[in-house]
Number of protein chains: 2
Amino acid sequence: MTRPLTIALDGMGGDIGPDVVVPAALRVLETAGDSVRLILVGQEDALVGRLRQAKAGSDPRLVVRHASQLVSMDESPAQALRVKKDSSMRVAINLVKQGEADACVSAGNTGALMATSRFVLKTLPGIDRPAICTMLPTVRGYTRVLDLGANVDSKAEHLLQFAVMGSVLANVNGIERPCVGLLNIGEEDIKGNEQVKEAAQLLAASDLNYVGFVEGDGIFLDNVDVVVCDGFVGNVALKSSEGVAKLIRHYMTQEFQRNLLTRLVGLIALPVLRAFGRKIDPRRYNGASLLGLQGIVVKSHGGADALAFANAIQVAMLEAERKVPQQIDAHLAALHAERQAL
Amino acid sequence: MTRPLTIALDGMGGDIGPDVVVPAALRVLETAGDSVRLILVGQEDALVGRLRQAKAGSDPRLVVRHASQLVSMDESPAQALRVKKDSSMRVAINLVKQGEADACVSAGNTGALMATSRFVLKTLPGIDRPAICTMLPTVRGYTRVLDLGANVDSKAEHLLQFAVMGSVLANVNGIERPCVGLLNIGEEDIKGNEQVKEAAQLLAASDLNYVGFVEGDGIFLDNVDVVVCDGFVGNVALKSSEGVAKLIRHYMTQEFQRNLLTRLVGLIALPVLRAFGRKIDPRRYNGASLLGLQGIVVKSHGGADALAFANAIQVAMLEAERKVPQQIDAHLAALHAERQAL
């Protein structure tokens, strides 16, 4: 009998902590089979109390593992690493390292999660720093964008590695030969910086399905499965997009609240607006992957609710089932061997 | 008697050319007083034909200036500069150089416009490359973002210059002491690249109203008058935002078109949706400024319609009235003198 697929959850991370993580875990178990096991890591009293509050019956698939410390949302990564050796975040990652869990999920602070993951799990051979990758909605479905902020001043070689890692993730999502685009700018006489020009050559020479440059709007409008960029640029692109979406929501609410008549119209349009809202609901895309590690770590948004956190758990489960780190490792090794042969 | 405020218009630029520029010029003259003069530059036949078609009576405020060549939208800047010495774009810029016009507006290709403007007008002392700046809507009003793609790999010193230029533009828009933010990323352990860290120090030491870092979403949600960033990053932020706005529009249309009932709801909600649409209408923000030149050049979106192009003309008129290049020059000289004194 094989061991059940086991996911460790940082029960205390994020802006809300157990009040989100516990209901999310219960939600996932509702539809998961017997072959799944979740480990809730954190302050036992808080977690058990929250389970009791949810009237959760005893379930052999749900285990609580005590951890005495917390990493706060504004704690420095160095501080978290040095002082918080029994934090819920650290213990969850340790469980992956020790082979007790196949993946872990945390809504805790990104810097600390990244630093602790690197320290505990180590990066794959040939990877300097892990990259952060998330799915985003497009006119035709979804795309994956990386890096989203773990690497600034990425070199061309890093962009190539991101492309490999993003392609593996797209494979896992059922896309056989994912199209890879390189984020660039179009409307000026230089057409990109040195790093991007060099990366374009590396990508074209690789065995990836590289389809060329993508501009910022192309992330959402082009038919590309993976968009590769430097972490600074990717982070700004992601956050700007979130900002515009919030701005649009703000203006739309304002217009529908203008007077009694517009409120009435809003009421009539509510089912349509809700259906539309579900389509672009960021909770559906929650769960960013830290790629390039010798283990699976998924970062949930700090402000995620139970639905969103449950989604991040599903991301971790899929990556664990499909052994994403091993696949990335194999692809990188093949890339390396191919170059040696040249 | 002072000479009227004169704006040269590249009549042939953009995806559409005279069919947009001529109606836009007529629209501006409808509300402009006698102290404004517009010079339509381009192929005389096409421009005069289009004026006749619009049944425009003779107006001493509107002059046609023949130029025999066109710069196409995909022409290389070097090619445009070398071969197209009698293009509508080049002649419009020449008019500014010769003092016949106070500003020029073109919807032509950005690279060629930038290269030709630099070649003909030259940059202000201490400016290496001009920057592109546009206004964007925010929850509280507007902000200005620069650079949007003219400069890649900008140094800290350039970011400081962008801040000075953006502040002058905000002044012109009636903001006495504009808040300046520096675009950065927050959620990781490095917190920005070297260039941004260094720029933050320069900005803090300057006499500008520097308020600190802004993340991508902060462009639209924070209360900042000027957002400063490298051109690669700014271009990606702008285009990503446009992409998301289009994606949201796509999904919303899709939901309202789902069936007969939702179409009916859409019809009822139409006035509210239109009012909302006007608020985020990109045409209202058309007209990007090329800053740092010894002259005023405003870039209209290539796909702009008459309303949008008219808006770009208004931007040029305001900058000409307020002598933006002279103001930028004075601010930069003061900055330089202050440093010498240290």
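In this model, which is predicted, the count of salt bridges over all chains comes to 18. One of them pairs E215(B) with K239(A), and the closest N and O atoms of the two side chains are 2.4 Å apart. Because E215(B) sits in the loop between β8 (209-214) and α8 (218-221) of chain B while K239(A) belongs to helix α9 of chain A, this pair joins two chains. The two partners can also be described by their accessibility: E215(B) has a relative accessible area of 27% and is therefore partly exposed, whereas K239(A), at 8% relative accessibility, counts as buried.

Another salt bridge can be found in chain B, where D59(B) is paired with R61(B) and the closest N and O atoms are 3.0 Å apart. Here D59(B) is partly exposed, with a relative accessible area of 24%, and R61(B), at 15% relative accessibility, counts as buried because the cut-off for that class is under 20%.

A further pair, in chain A, is formed by E255(A) and R258(A), with 2.9 Å between the closest N and O atoms. E255(A) is buried, its relative accessible area being 5%, and this residue also takes part in a contact between helices, as one of the residues that α9(A) brings to α10(A). The axes of helix α9 (residues 231-256) of chain A and of α10(A) come within 9 Å and cross at roughly 145 degrees. On the α9(A) side the contact is made by M252(A), E255(A) and F256(A), and on the α10(A) side by T262(A), R263(A), V265(A), G266(A), L273(A) and F276(A). Sorted by class, the residues in the contact of α9(A) with α10(A) are five nonpolar, two polar and two charged.

A nonpolar surface patch of about 940 Å² is made by L261, L264, L267, I268 and L270 of chain A together with L261, L264, L267, I268 and L270 of chain B. The elements giving two or more residues to this nonpolar patch are α10 (260-279) of chain A and α10 (260-279) of chain B.

For a buried position, turn to S106(B), which lies in strand β4 (residues 103-106) of chain B and has a relative accessible area of 2%. Leaving aside neighbours within four places in sequence, S106(B) is in contact with D10(B), M89(B), L113(B), V298(B), K299(B), S300(B) and F309(B).

Technical notes
Residues numbered from 1 in each chain as written. Chains lettered and ligands numbered in written order. Predicted model: local features only at pLDDT ≥ 70, side-chain atom pairs only at ≥ 80, totals over all residues. Heavy atoms only, no water. Patch = residues over 30% accessible without salt bridge, like charges linked within 9 Å, V, L, I, M, F, W, Y side chains within 5 Å. Areas by Shrake-Rupley, 256 points an atom, 1.4 Å probe, with all protein chains shown as cover. Salt bridge = Lys/Arg side-chain N within 4 Å of Asp/Glu carboxyl O. Helix = DSSP H or I, 4+ residues; strand = E, 2+ residues; numbered from the N terminus. Axes fitted to C-alpha atoms, helices over the stretch in contact; angles between N-to-C directions. Contact = heavy atoms within 4.5 Å. Nonpolar A, V, L, I, M, F, W, Y, C, P; charged D, E, K, R; others polar. Buried < 20%, exposed > 50% of the residue type's maximum accessible area, 1.4 Å probe, protein only.
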